[in-house]
Structure formats: structure tokens, C-alpha cells
Amino acid sequence: MTSGPGSSPMAQSSMAGSGADGFFRKPKDLAGSSRYYRPPRSLPDVCPKEPTGDARGLCEGPSVVLDQHQWTVYNSKVNLPAALNDPRLSKRESDFFTKTWGLDFTETEVMPSFYLPNITAEHFSAYLQDTAQREKIHERCKNICPSKDDLSLSSMTNNHDKAKEELEQVPKIFMRPDFVLNDPATFNAVLPWSHFSVAGGKNSRDGASSRLLQEKLSHYLDIVEVSIARQISLRSEAFFHAMSSQHELQDRLRETEVAVATLRARTAAMQRVMCRGPLLALRDAVTRSNCAKLHGKLKLMAAVQQTQPTVQLLLSTSEFVGALELIATTKEVLQQELQGIHSFRHLGSQLCEMEKLIDKMMVADFTTYSRSDLNRSFEDDSQVLEKDRLQSLVFGLLRQRKLDFLDIYSEEMMQSAKGIVRQCVLRSVSQIEEIDTDAVVKLQDQMRLMSFAQWFELLQNVFEHFVLFLTRIKATLNVIRNVVLEVLDSCQRNRLVDASSAAAHGNCGENEDEDEEDSGSSGLRPGEAELAYLTHEGLFISDALNEAERRSSTAAQAKAQTRAETSGSDSASGTTESSSSREQTSNTTSSLPTGGTISIEDLMPSDLELGRVANNIQELLYTASDISHDRCVKVLLAKAKDGSLERLSSAEFVCVSRAVEGFVKDTEALCSRRSVSLRGALQSQANRFVHRFHEERKTKLSLLLDTERWKQAEVPAEFQHLVDSIADGHITLPERKPAGTEDKKPSDFLLVDGQKYAVVGTVLLLIRIFLEYCQCVNDIPSITTDMLTRLSDLLKHFNSRSCQLVLGAGALQVVGLKTITTKNLALVSRCLQLVVHYIPIIRAHFETKLQPKQYSVLRHFDHITKDYNDHIAEISAKLVAIMDGLFEKVLSKYEVKAPMPSLCFRNVCKQMAKMHEAIYELLPEEQTQMLFLRINASFKMHLKRQLSRLGVINDGGPQHGLVVVDVAFYTENVQALRSLERLDLNMPEIWEQKR
């Protein structure tokens, strides 16, 4: 076992010490030397590295000359390997690790392993005996023919340097990889023309130059050949080894050729004997299968060819759904089964055009149906016209996603509503002879010429027709909504069935054998792939496998469809398509494949779209209600344009109001919508009616007040009955009794809750007027607030006008009264008291008709009550003032002297008697007593003032006696009046208190 010179430590040390041998030369010299002869460089002795024999590994170390001033890893003096493995250290310092890691970290003896044997030299004795003979032969050969490894490194280096110097003599141009003599520049550089004669002649000098050039080139050739020979000699062993390997390879190729020829012969024999017959049988089977498929395709083509006539037949009977399904099935067959058939290249576009034509036909048919359904006579029943036809049309439109068909129905509905009003007006006008239709052309003008009874009959007829119209629309929309909801429910149910079947199929697939699951991702069984490969006539195996996989997936889809059909799931078309369409399309669709047809769920709109259609149906019903109300508003406004509705009586307007309210309630019950247009128009007319109603009564009341002479009027029995009905809680106008049925005579007073009221004729009319207001509120609750405001205005007008006429003495100029008597004042006060008595009753009645948030308007009655009470108090004060002026005038002339009773007191008692006579029959007893107490107080005040002026005191003297006689006379006369017998006059108050 020898090693190369590069692996010897001694050689390394000797080479490191010989600096003159050229081991540390310049990089230029080192680059030209061979890698086999480049000497290794010595390393620092800090951490000696054992050489490995690889010169390149040594070259990677630092250069002592070049890198002597650069710090490298080799300059490290303290590192872990040096501290642990440096053989120059006698022992390792014990405190190197213990000072940091503790005293336990010390060098201990490693115990020998129990699992490893103790190796000794005896274990290698057998190996040495076996290799001893080969070692001897090797040593003998090495001595006889020393190898190139045994050559001295110095001789090899010298030979290499010598060869390199020789090669450097050859010009570099010959060593260039692009050396070509065809290049003129290269040719001129190799063979310069300066060595040849220009004139073509030869002399001795030119010949010497040519010979010298020839010898130089020959010398270059010799150098190159010697170098090549030297390289060949160095690689002779590898060359001869390659030649021997080439011969061996040729022998093996020859044997392989023979084996391949034998295998081909045997394979041909096997194909001739064992495979040709079975393959012919398989080919016949494939041919038979292809013929069967061709026959099926031809039958399918024949069925597809009959599609257009069948579609035309279905369209002739308006079976749009069946025609659409046939077209969809045919298009699916063309795309999957008959794709690429040249004769059917235009059939797809033709079917698309037919489908568009069917869309237009369905829209036109739906328009015709809507027009005929909405414009048919109202004498017919309100059932849906041709329900099956409507269901088929709606299903077809949904299937084609024509979701705007409701807009068509809305337009037809609007036109039909206009026609209803026109027909009703024409029918009513035709029955009225007074209206000349030739002279009056417009319907609005014709309605204005009608009397109220005729127009009201027309209005009721319009209301009846619109109720039937809405009933018919609601029935039709219910059918449409049922179809939409049925389709939506069917789609959801089919999705649930598909999900359950998919889950069941997944459970069955989990229970299959693992061999079938691992048979391949294509889903083919193990034997199908081989059969597909053997029977396929194409060029590529992948085509055969794809075809087989497609056939297996088609079979799986057919099985899944069979399971879905047996599960009992019905499509939406089964519920809406008529039986005639299924019978007509059965012959055509029976020959078409069903495995690849499009499902109904894919053609139908989504659940969101169907829900939107259902909502639009309800909105369409609301629109129908609004349209009906709008057309009725036209009728109402046409009559009200000339103010005829404002001139209606309250009873007539109440009839109109009740008719409108009844129609509104009927439409709300049908459509579940509260339309506001008709009520708004009625409210507008009601406001105008209330204004006219109030102005008429206010004007009438003003005229009565201006002609009132303020005398007590007789109370007819009719008014007494009216007041009695109010007392019974009936705040309404009683029905008028026929003339001649009333036997009772008029009375002088009006009995109200046991009290007698002396009234004037205007107050009786006022009572009837505010009962008319209450009756109008009962009939038209929507005008309650307006009526309350107008009634309060009427009551204020009566109060203010009566005050102007009586207290303000306006009746003297208006009526021509000579004076305003105390009887007039007492009568006005009693009339005002009667009105105040009825104000709370009126307030309570209006409160029942108002909403709680409208109670604030009732404060008008509180203000009116206060104004009336103030007016009554002013009248009482006016009566006292009349007597007070009389007392002041009479008592200012009073003298205490005989005869007694004095003339002054006689005049006072006479005036007191007249006052009592004037008011006793008018005012109640309590008010009379209170009034005379106030008059007596006024009398005592003036008498006391006169006595004080005369200096008469209650000293018992003659003058005191005379005054006592007059006062006794006054007291006797006053207490002699009716209802004043027990009146305490308290006459001692006329004397001043003694101090």
C-alpha cells in the first residue's frame, strides 16, 4: 500500500523547506503548470492539517507570501479543537471548564461498550494471509516497471516545464479555435508575402526565405507531434482499455440483435396463430355495434326531422309549452347526440327562430286573452275565462323568462277601466231623452246635464261594474299566482329530491369494494380499458379510453334518471301542461334520448325571480284598485266641475258619501288596499259642501236675526218633539211627518229638562241648524273637524249679532223697534241660556266622532260658553242698570215730608212692578229673585245716599218716622210681587251706623 508524493508528510516538509525549487512562483508560471505537478503549499503549524493527496485542496489554503499580512482562520491560537486535541500540551488544564460549568465537569474515563468487541491484530490475520500473495506480485511488478506515481516530482516537473517551453515556441495563431487558412488575414499571417518575389522571379534570397519558412513550419509540426505522442504515451493505458471495451460492446450488440430477431419471429408466429382470429371476431363485434349505433342515429335523425312539423301542429292548437319542450329537447339532442351532422347544420338556428316566434305568439296570445277577459260582458259570471289556456300561457312565459307579461295585463286593465266608464255613461245617456247626444258630444258635458238622481244612478252603476271588474281581476291574478307558486314549490321539491338521491348514491358508493374504487380515475372497470384499446381503430390510445369513459358516464346518468323517475318526483310541466300536448308530442319525443335533456329547473327562473313575480302580482291588484278609484274620481269631478255637487242638499250629499264609502270598503275587502284618491276627491267635495252648507245657514241665520223683533214666539209641536229627542240622546234630525198628522197646538214655552224657555223664532231655527250640523257629521265622519269649526263660528255669529242688535240697540235701525225693552233683554238672555244648555251636548256628540289626537279642537266650545255667559251677565247688568238709573233720577228729588207714602216711593214701586211683570214670565224664579236682589241693593244705595244728603238719621224723630213709613210701603209692595214674598230686602242698611 503506497501513497503518492502529495500524500507523504516527509515530502511535504521537504518541499516546504526548499524555496528555491520554484514552489512559490508567480501566478503566471503557476497557471501554465499542470495540476498534477503543482506543488502543495505549506500551512502554518498552529493546527497542522494532514494532506489528503489532492493538490487542489492544498491550493485553497492561504499563501504565506501573499497573505502574510492578512488575518485568516489559520492564525487562530485559541479554539476548541486546539485546546482539546493539541498533542503538544502535556495535559489539559483542569480549570478550563470547571471554572464556568462547575467542579463536576472533569475528565473521566470512558467505559468500554458492552456491545462492541475488543479488536486486536489477530482479527486481521485471515485478511493478511489472503492478500499476501497479491501483495508480493504487486511489489514485483512495481520494481520491474515503476509507475508514473513513483517518478520523482522534480523530474516530472522538469519534463512538464520543458514541454511547456517547447509548445510556447509555436505561435498562438495556430492554437486559436477559429484558425482557418481560407481567411485572408490568417493566410497572410501564416505565409507572409514578403518571403516571395513580387515580380514572380526567383533569386537566392527568396529561396532561402522559403526554405527557412518551411523548416520553421516543420519544426512547429514536430513539436506538436512530440507533445501529442507524449500525451498519448501518458494515456495509453486508457486508450487500450477503451478499445477493448469497444470490442466487448460490439459483441454484446450482436448478441442482442440475434435475440431481438428471435423474439420478433416468435411474436409474429403468436400473432398469426393466437391473435388474428380473436381480433377478427372482436372487429366483427365492433362492426355490429357500430351498425347498431348508426341505425340508432338514423332513427334519431328521423325523429329530429319531424320536429318542425310537430311544432307547427302544436302551435296550431296553441300548445306553446309542448312546442317549447320539444324544441328544447331537439336542441339538446343536436348538441350532444347529432353534433357535426352536416344535414342538420341549419336546424339549430331554425329552432332558435321558431323559439323566438313562439315567444312573440305567446305574448300576443296573452294580450288577446287579457283583452277578451277584461272586456267581456259583466252579465257573465266572474269565473276565470279559459283557465287551462291561462295556465298554459303563464307557464310558457315563465319558462321563457318573459317576466314582463304582467305589464301587458296592466295596460289592458287600464284600457278596460276607461271602457267601463264610457259604456256606463253611454248606456245611461241613451235612456235619457232630454240629452241630445248630437249636440253634446263629450261625456263630461253629458254627465253635467243629468239630474242628481240620474247622475247618482250612473255613479252607483259605475261602482257596481268596477266591483265586478276587480273581482274578475282578482280571480285571474289568483290563477297566475297559483301557477307561479306551484312552479316555485316544484323547483324546491325537485331540488330536495335530487339532494336526497345524491346523498343516497354517495352512501351506496361508500359501501362498494375498494378494488372498484382503485380501478382508475376514469371510472372504468379493469376489463373495459383493455377491451376499448383492442377494439379501437384510431391512432391514439387516449381516444379509446375517453370514448369508453364517456359511454360509462352516459350509462350512469341513465341509471340516475331512472331512479329519479321511480322516486315519484313530478316536474312543474306535468301540472300545467294539458293532456293534448303530451299526446301530440309523445310520438316525436319517444324516439329522442332522455338522458341529456335540460331539466325544468334549469329553464325556469330562480326562486328570487319567482318571488318577485308573486309580489308584482299583488302590486298589480293594488294597481287595479287605484285605477278603479281614479276612474271613479273622473266621474265625480266631471259632475263637480260646474259646482253642481256643491249645490246638493245635505241628504243628497250624504247619499253620495255613503255610496263612495260603500265602494271604498268593497274594494278594500277585495284588494286589501286602502286607496286614497276617491276618498281624497270626496273630501275635497265635502270641504266645498261644508263651506256652502255653512254659508247658507249662516246667511239664513243672519237674515232671521236682522228681521227678528225679539218677541216671544210660539213653539210648534215639531220643535218640542225635536227637543225631546235630543233629551233622549238622539242628536239627529227626526223624520218629517206627513202634513195633517200633527194635532198638538203650539205652546208658549219650550220645555227642556223640565224648565220653561221663552224663545224667539230665530233660536228655534238655530236649534235645528246645529242639529243639521250634527246630522251631517253622523253621515260624513270625515268632515267632523271642519264642521265643528264652522258650527263654532255659527254660534259665535249668533252671540255677537244678537248682542249688536239688542244690547247695542242695532234692532232700532235694522228692524225699526222704538226701544229695547226689559222684556227684550230678558228674552235674549233666556235664548242665550238655552244655547248654553245645548253646548255641552253638542260637544259630547262631536267628541265621539273625533280621534283622541283631535280633542284639542273642542276648546272652541269652552270659549263659546264663556262668551255666552259673559253676554248673559251683561244683559243682567243692563237690567240692573236700567233700574239704577231710574232710582238715581227719582230718589234725587225725594224729600222727607207728608203725605206718606211719598210720591217718589210710589213711582219706585210702580217701576218695580213693571219690571217684575216684564221678566217674570221669561226668567225662572231663581234668576228673578237674584235680579231683584241686585235691584234692591241699588235702591238702598241711592236711598242711603239721599238720606245722608238730607241729614236724616235713625234717631226716632219725626223725619225718621216718615222714612220708616215709606220704606215699609216699599217693602210691602215688593214682597207683594209673585215669587218675591220671601225675599229678604234688609232695609236697615239704608241708615248709616252710628259712630
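Analyst: **The aromatic rings**

In this predicted model, the charged end of Arg-830 sits over the ring of Tyr-757, 3.9 Å from the ring centre (the criterion is NZ of Lys or CZ of Arg within 6 Å of the ring centre and within 35 degrees of the ring normal). Because the model is predicted, local features need pLDDT of at least 70 and side-chain atom pairs count only at pLDDT 80 or more, while totals for chains, interfaces and linings use all residues. Residues are numbered from 1 along each chain as its sequence is written, and side-chain values use heavy atoms, leaving out hydrogens and water.

Rings of Phe, Tyr and Trp (its six-membered ring) pair if their centres lie within 6.5 Å; planes under 30 degrees apart are stacked, over 60 edge-to-face, and the rest tilted. This rule gives 17 aromatic pairs. One of them is the tilted pair of Phe-366 and Tyr-409, with 6.4 Å centre to centre and 45° between the planes. It links distant parts of the chain, since Phe-366 lies in helix H13 (residues 347-375) and Tyr-409 in helix H15 (residues 405-430), 43 residues apart. Helices are DSSP runs (H or I, at least four residues), numbered from the N terminus. Phe-366 and Tyr-409 are both buried, that is, under 20% relative accessible area (1.4 Å probe, protein chains only).

Phe-653 and Phe-689 form a stacked pair, 4.3 Å centre to centre with 0° between the planes. Here too distant parts of the chain are linked: Phe-653 belongs to helix H25 (residues 650-671) and Phe-689 to helix H26 (residues 677-707), 36 residues apart. Phe-653 and Phe-689 are likewise buried.

Finally, one aromatic cluster is formed by Phe-887, Tyr-894, Phe-905, Phe-939 and Tyr-970.

Methods:
Helix = DSSP H or I, 4+ residues; strand = E, 2+ residues; numbered from the N terminus. Buried < 20%, exposed > 50% of the residue type's maximum accessible area, 1.4 Å probe, protein only.
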